[in-house]
Amino acid sequence: MWSLKRKTTGEALFDLANNIIMLCLCFVTLYPIWYVIVNAFNNGSDAMQGGIYWWPRMFSLENFKAVFASPGIMLAMWITVAKTLVGTVTHVFFTAMVAYAFSRRNLIGGKIYILMGTVTLFFGGGLIPTFLLIKDLHLLDNFLVYIIPVLFSFFDLIIFMTFFRDIPEGLEEAARMDGANDWSIFLRVVIPVSMPVIATIALFHGVYQWNDYFAGIIYVNNPDLQPVQTFLYRVVAQSSSNQMITAVQGSNLVKSVTSQSIKLATMIVTTLPIVFVYPFLQRYFVKGMMLGSIKG
Amino acid sequence: MENKRSAEPAGGMTPLIPANHKTGTGTGNRPSLWRRMTAQKHLQTMALLGVIWMIIFNYIPMYGIIIAFKDYNIVKSIAEAPWVGLTHFREFMEDENLVNVIKNTLGISLFKLVIGFPLPIIFALFLNEIRSVRFKKSIQTISYLPHFLSWVVLGGILATWLSDVGIINNILLALGLIDQPISYLAEPNYFRGIVITSDIWKELGWSAIIYLAAISGVSPEMYEAATIDGAGRFQKMWYVTLPAIKATISILFILAVSGVLNSNFDQILVLRNALNDSASNVIDYYVYYTGILSGRFSYSTAVGLLKSVIALILLLIANSVSKKINDTSLF
């Protein structure tokens with residue numbers, strides 16, 4: 001790119017070696033996932049013998065059918081979808097709103113508010129005091145425990161704030177001339193021009209919501225409220241082999257599937273949505289990571 | 001500047017301070033604080049909603065830490081619980097798990113620091129040398145993929161790989177390196193290796209983003225000048241690219257050092273089990289175990305507090321060392 005001269009032998013060798021190393025790295029990244037995929041698309045009892053590396057030996061869709069036929073797994077999926085949608089929209093909106101106020105240099109008390117937030121980056125109450133608070137707020141076994149305790153994040157606020165401070169003042173001034181107040185400026189001027197940073201935070205928080213299993217473990221006992229990651233944790237970590245089969249009882253597919261093969265299929269089904277979304281948001285989150293790193 | 005009051009948004013956006021408050025002109029020719037606050041009531045409302053959230057979800061738990069110095073019982077309130085001073089801290093110092101818990105935590109963290117920290121930098125440096133823009137973009141996209149898998153799913157992948165009929169045992173058996181399958185996740189000896197390898201696999205590409213972003217800011221003229229001076233590829237990496245990301249490296253290193261007492265709890269909880277407990281019981285798990293699973297709230301809080309305080313001290317030390325050595329610091 002920067003060199004217009006002919007490549008020397010050393011340069012050519014370097015490029016060749018570098019390309020090969022990168023290809024190996026891609027293989028090391030993708031193959032572990034591929035291995036799970038081919039096993040999930042294989043007849044469950046046959047897969048128990050092992051040895052399926054590149055392609056299914058006895059191709060079968062039964063595992064996936066069993067997943068979609070299981071009321072327990074499907075309910076957990078819906079909980080995950082609901083908490084991800086509601087959680088992401090409210091987190092992004094609330095954090096952006098506070099960030100907009102904090103980003104305004106004429107905000108009275110702004111320095112104190114920002115100091116209050118900065119303290120939380122370095123020190124917190126920890127597991128038990130937070131648990132006791134959640135209990136006192138009657139959020140245990142409550143869907144809102146997935147939303148309210150993560151409604152706001154000061155770290156995300158910093159990313160928003162860095163972005164908002166770069167918005168040309170002329171935009172806001174023009175709206176103010178037309179009689180707009182701070183609230184409508186936030187809604188009609190700031191949000192529309194901040195889509196890159198909104199997409200970034202939405203992706204970060206959406207992934208957190210989608211993948212988090214810990215809230216479901218410590219705050220929720222009711223199985224009807226557990227997200228799919230918590231459900232998977234219970235079968236993966238406790239690896240009690242009957243649970244998966246119990247979960248799909250009522251379907252007559254049980255014979256060709258095993259607890260292991262349904263587990264793999266569930267893993268794939270829960271991961272697919274994110275895998276399809278993130279490449280499209282790549283240019284946003286790369287920028288967002290930079291914004292987050294400038295401050296500091 | 002005029003603030004229109006007509007466009008009052010509905011619901012939850014009313015001022016939090018009673019409107020009948022005295023609105024004097026205050027001393028001097030500056031309007032009073034109250035007058036200035038009401039002049040920006042929308043802005044204040046937005047800010048205070050965030051402040052209230054922080055008070056509830058950040059500062060009330062900080063107050064809750066006092067149970068570390070009390071004998072807290074779930075049926076009474078925090079204020080009612082009797083003070084016991086440093087009893088719980090002393091108990092932790094005499095706890096038979098203490099040495100093992102610290103050894104496990106530091107063992108994993110130090111390996112992550114020594115191996116896991118430099119690898120993303122090296123990856124970013126070499127990725128930057130890829131000439132085809134398209135190939136570079138594709139590698140980047142692929143390298144981010146594992147970051148988006150949850151630890152539960154990755155735990156499932158590892159369990160599949162490491163099972164008795166999994167690919168690892170199959171290969172080692174075929175090569176004749178082992179006689180019978182090994183249950184890796186049930187063996188304490190393999191725990192640290194599994195944790196570190198899976199962490200690197202998951203986060204290598206993602207951690208490199210920030211370095212790649214810093215590298216993209218290097219002017220191409222720097223490379224041209226280096227080429228004219230006869231610099232080879234490695235020399236350019238060393239003398240042009242690396243200095244450009246030095247500040248980023250320092251900041252991330254400060255954070256990594258201050259985080260040595262942290263474990264990736266999501267990861268540990270997925271990979272640990274009763275059989276590998278002697279290697280997988282880290283401070284964070286011990287806090288979870290004593291607190292949530294055994295109900296020793298005060299004791300668990302004391303252990304957690306000790307950890308946070310040491311982490312804070314480590315951060316301050318790392319920060320001031322970095323400030324002295326290479327003039328980069330967090331604050």
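Tutor: Domain bounds here come from an automatic or database domain assignment. By that assignment, chain B splits into domain 1 (19–69) and domain 2 (74–326). Their centres, taken over C-alpha atoms, are 39 Å apart. This is a predicted model: local features need pLDDT of at least 70, side-chain atom pairs count only at pLDDT 80 or more, and totals for chains, interfaces and linings use all residues. Residues are numbered from 1 along each chain as its sequence is written, chains are lettered from A in the order in which they are written, and side-chain values use heavy atoms, with hydrogens and water left out.

Now the interface. In chain B, 7 residues of domain 1 are in contact (heavy atoms within 4.5 Å) with 13 residues of domain 2. Together the two domains bury about 880 Å², with 76% of it on carbon and sulfur atoms. Buried area is the accessible area (1.4 Å probe) that two parts lose on being put together, summed over both. I67(B), A68(B) and F69(B) supply 71% of the area that domain 1 of chain B buries against domain 2, more than any other three residues.

Next, residue class. The side of domain 1 of chain B that touches domain 2 has 6 nonpolar residues, 1 polar and no charged. Ala, Val, Leu, Ile, Met, Phe, Trp, Tyr, Cys and Pro count as nonpolar, Asp, Glu, Lys and Arg as charged, and the others, Gly among them, as polar. Between domain 1 and domain 2 of chain B, the count is 0 salt bridges. A salt bridge needs a side-chain nitrogen of Lys or Arg within 4 Å of a carboxyl oxygen of Asp or Glu.
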